[in-house]
Amino acid sequence: RPRPAEASHRGGHAPLTVDPATHEALESLARGSGATLFMVLQAALAAVLTRHGAGTDLPLATMTAGRDDELLAPMVGFFVNTLVLRTDTSGDPAFADLLDRVRRTDLAAYAHQELPFDRVVEHLNPVRTTAHHPLAQVVVQLHHDYARGVPGTDAVRGLFRDDAPALLTTVTTKFDLTFALTDLRDADGRPAGLAGGLEYATDLFDAPTAALLAAHLERTLRAVAADPRLRIGEVPLLTDADRFRLTGEYNDTATVVAGRGTVHERIARRAARTPDAPALITDEGTVAYRELDARAEILAARLRAAGVRRGHTVGVLLERGAPLVVTALAVLKCGAAYLPLDPRLPAARIALMTEDAGAVLLATDTAHVAEAPGPAVLLVDDPAAGAAPAAEPAPPAGHTDDLMYVMFTSGSTGRPKGVGVTHRNVVELAADGDTARGGPHRMLVHSATGFDASVFEIWVPLLNGGSLVVMRGDGTDLAETARTVREHGVTCAYFTVGLFHVMADEGLDTLRLLREVWTGGDVAAPAAVQRVLTHCPDTVLVHSYGPTETTFASHNQWFTTGERTLGDTGLHLGRPMDNTRSHVLDEALRPVPPGVPGELYVAGAHVARGYLGRPALTAERFVPDPFEADGSRMYRTGDRVLWTPDGALRFLGRADGQVKLRGVRIEPGEVERVLAAHPAVGQALVVVREDRPGDKALVAYAVARAEDTVTEAELLAEARAHLPEHLVPAAVVVLGALPLTVNGKPDRAALPAPSRPGAEAGGRAPRNAREEVLCALFAEVLGVPRVGIDDNFFTLGGHSLLGVRLVNRIRRVLGVERTVRDLFRSPTPAGLLGTEDDDATAALGVLLPLSTRGADRPLFCVHPGTGVGWAYAGLARHLGADQPLYALQARALADPGHRPRSIEEMADAYLERIREVQPWGPYRLLGWSFGGLVAHTMAVRLREAGEHVELLALMDVHQTGPGSVSVLPPEERTPAPAGDLAEAMDRIRREDPVLAGFSASELRAVLRASETHAELMSRHVPGVADTDVLFFTARRAGEPDGALAATWVPFTEGTVENRALECGHLDMARPESLEIIGRIVSEKISALQKKETRSTS
């Protein structure tokens, strides 16, 4: 389990016993090695922890009595000291050799055992944390039964467990793991066994895992007692029952696939059975199965006439749509395999893939023919082609082991590798009980054609009689996704993990419309999965796993409509699909026991043929299956996993340098090769960083050759010219030298984070309300302090998935329709708002959503005297991702003729609007200046309606009505004369850089609203609210602390908590002030939530 920020110290017990014969053999081993029985136990424990993935440099703690000095013998007191014993298990040593290492290390440590542990910690000064004990988190202890037979010891024994006499009966623990055994003796003093067990922190371990560790230690002790020459990696931890479960029971997936034939033969039979059933659905119309098959036959005849034969490969360079499906099916009808080529790829990449796949022809259309490499091109939309060419001889019957498609993945050598997948692989995928479950689907087709998700989206529905709903655009636009799902009745969709996370935040309403949602490509965030399970009760969720080499997927974890919580097992890789087997093996291809990390190998019907033209690499990754006698192969995934005690596969990471980024597999070496090819680059290194939680990014580091210079911009341009978008680094850092470890290898942990550029110094600030809100949205999504209207989204660290979040936020907040493609074309706030056809009043509506993410109760912020509420946009990034935020604005801004008669009237009108978002309380309200009066009045009205306000925050709110007490100095109490309208507008343009960008009509509306609000304020007498008040004061010279806040005490039955800010009244909405206010409000909301949780539990 993940380590919590603060340890609870709750503990559990797992018993462990060693029989007398093994006890005697271990003691004999210790004597023969010049060691002690304790050292044997320590070595065995270190071996077990190494096998469980703890590493090879293990600090293990033990306790010493601290009574070596004879003068201490008569003294009563507690002298116990903690001793940390560093244990080296590197090199897979024989146990006897490991014991010798332990003996030498322990003797050196015991020579200094009188040095207090606190002094050691003080000297080494490790990072202090409440999460765990410093320096060592695992303890090993051997207790001797010195008190046996001594009067009075029976009462003391009652404090200890019967099944583990070395462990107390209490259930608290200071350490992660404590292995404690008691050395038992018979009446003659001979070994009578070891008894004790494992005490574990329940924050980190569950009972089955703890029991597994205890059992593995017991097996290790028995094994090394019998043969100390065993290497620690060869100790047989696996029982016969375990072996049967891992190789047999968990892999009992054999299923008979009905029917025969290749993919195109099966689709032809489907077209004959249900000719009028819809096969493809687009905005332009529907293509039935009969028409799809007929169009593919016509194009197949043209391909055969162009020389395409069985066993060939044909490149398909087309946008996602009906022509692409028709063309791919036509290629299959020729007995050939298709190679999907995304038109968005750089020309050099398309040429490389075409060459490596040995494509004999490239099928494309007139829109992309200029991008086609080589002379052999067939235009699928050539108007001169006619209906059908002269009949070619029918191709020989295809076989299910023929190649169906070639899909390229990132290559560790710097060159991408083409995976060859057969018809049998895809037929098995489509026939699997998981993919065929739920009947024929209407599948959303929106993934890039060059990724294997497109195989799932296209061929699985067609082979099962379903329909493809082809989405236009780049496949990531949330509004387009919602429209397509809704208008065409989509029932199933696949989202890569990165896009799934965005959908879980921004697109729950769309997911709720689907019968099935699949996600994969990486391990999903548990919080995102739980959000979907909670908010989409009728949607089945499938967490899928499988590399391209296993035909899209090999394992699935299902969450049916009856499973709406993650449960104790959490997220894992799931169970193997039909006719698929999984093995977790060590370096010698031996099964590892549950709890022990190993590499995942996938066998069975989903395993691809191999890498085209790469026999050596194919032999390295596709290895003979030692568990089958039919000559089949396993695919070596490179993923480190372990079996949990209940049979789930838990992903731990990669065994090589490969990484996953936003659901896409990436070999850093491929990017490094491109950058190193630059003539000025001497070294290049590429890593994935997560400098902001949840936002992984590819970062490149380069060192220029001697006497040469190179810039980040040059290298980014080089990457964009040769690599697809998902392989282009988000940032490049040029270094004088790469940091190295003591072994001379690149020290990835020491690489500096790329600088996150902020807004250009001296750049243009927002000129109007819309630009101010949009710049705040840019800053919020990018996690930067501020953004100017000319700052580039991608220069500031943005990428495509952050772009999805941004355009969705723009749509919700400003009502402006933009796509990610628009963002790539115009990546600045000014550029995105550059068109004239948008509704300029969208940001001046009464209820302005500033952040709609999250499930918490919203915070509603009431405008100050100007009537404009966009200043509150700066609060969003300080309130947390789960806090919705809305601004209330004066109706007079959009409706200049409107003039409220009282603050009570405004409060009632605003309550009507917020009830559209939140029908009932408790409510959270905030108001600045005049807005504080309105917010307070809303709280009074809610009290009268029997509703509760749990948070009322007032930002520097003065009262000027009858009987009010002013804390302002006399010279500030009389407002300055307004002057004429033109003068007032000039003054605003000089003093307020944002309002300066308003049009003349917008400024007039602001001034009228300000006058109206000042008049209402002058005759308003507040009522009495029944809630606490969180008050923010703009500290003024000479004003007593809390004086302004105290004027509100008579108007609430709760307490008034004052927080002073070192700023003026008009500076309360500056970024630095909002950061303080946002943090305090966020803390207050968290405290309210904890209080509510305690009261309901």
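Tutor: Gladly! Keep in mind that this is a predicted model. Let's begin with a definition: two strands count as paired if DSSP finds at least two bridges between them.

Student: How many bridges join strand E36 to strand E37?

Tutor: In general, strands of a sheet pair through backbone hydrogen bonds, either parallel or antiparallel. Here, strand E36 (residues 923–928) and strand E37 (residues 949–955) run parallel and are joined by 6 bridges. Within this pairing, Leu925 stands opposite Leu952 in E37.

Student: Which helix packs on the sheet?

Tutor: That is helix H27 (residues 903–917), which touches E33, strand E34 (859–862), strand E35 (885–888) and E36. The direction of H27 makes about 160 degrees with that of E35.

Student: In what order do the strands of the sheet come?

Tutor: Follow E33-E35-E34-E36-E37-E38-E39: these 7 strands form an open sheet with mixed pairing. At the edges sit strand E33 (847–851) and strand E39 (1056–1061), each pairing on one side only.

Student: Now the helices. How should I describe a packed pair?

Tutor: Two packed helices are described by the angle between their axes and the distance between the axes. Take helix H8 (residues 263–273) and helix H9 (residues 289–305): their axes come within 8 Å and cross at roughly 135 degrees. H8 and H9 are therefore oblique to each other, and their crossing is left-handed.

Student: Which residues make the contact?

Tutor: H8 contributes Ala268, Arg270 and Ala271, while H9 contributes Tyr289, Arg290 and Asp293. By type, the residues of this contact comprise 3 nonpolar, no polar and 3 charged.

Terms used: Residues are numbered from 1 along each chain as its sequence is written. This is a predicted model: local features need pLDDT of at least 70, side-chain atom pairs count only at pLDDT 80 or more; totals for chains, interfaces and linings use all residues. Side-chain values use heavy atoms; hydrogens and water are left out. Axes are lines fitted to C-alpha atoms, for helices over the stretch in contact, and angles run from 0 to 180 degrees between N-to-C directions. Helices (H or I, at least four residues) and strands (E, at least two) are DSSP runs, numbered from the N terminus. Angles under 35 degrees count as roughly parallel, over 145 as roughly antiparallel, 65 to 115 as roughly perpendicular and the rest as oblique. A crossing is left-handed if the near helix is turned anticlockwise from the far one by less than a right angle, and right-handed if clockwise. Contact means heavy atoms within 4.5 Å. Ala, Val, Leu, Ile, Met, Phe, Trp, Tyr, Cys and Pro count as nonpolar, Asp, Glu, Lys and Arg as charged, and the others, Gly among them, as polar.
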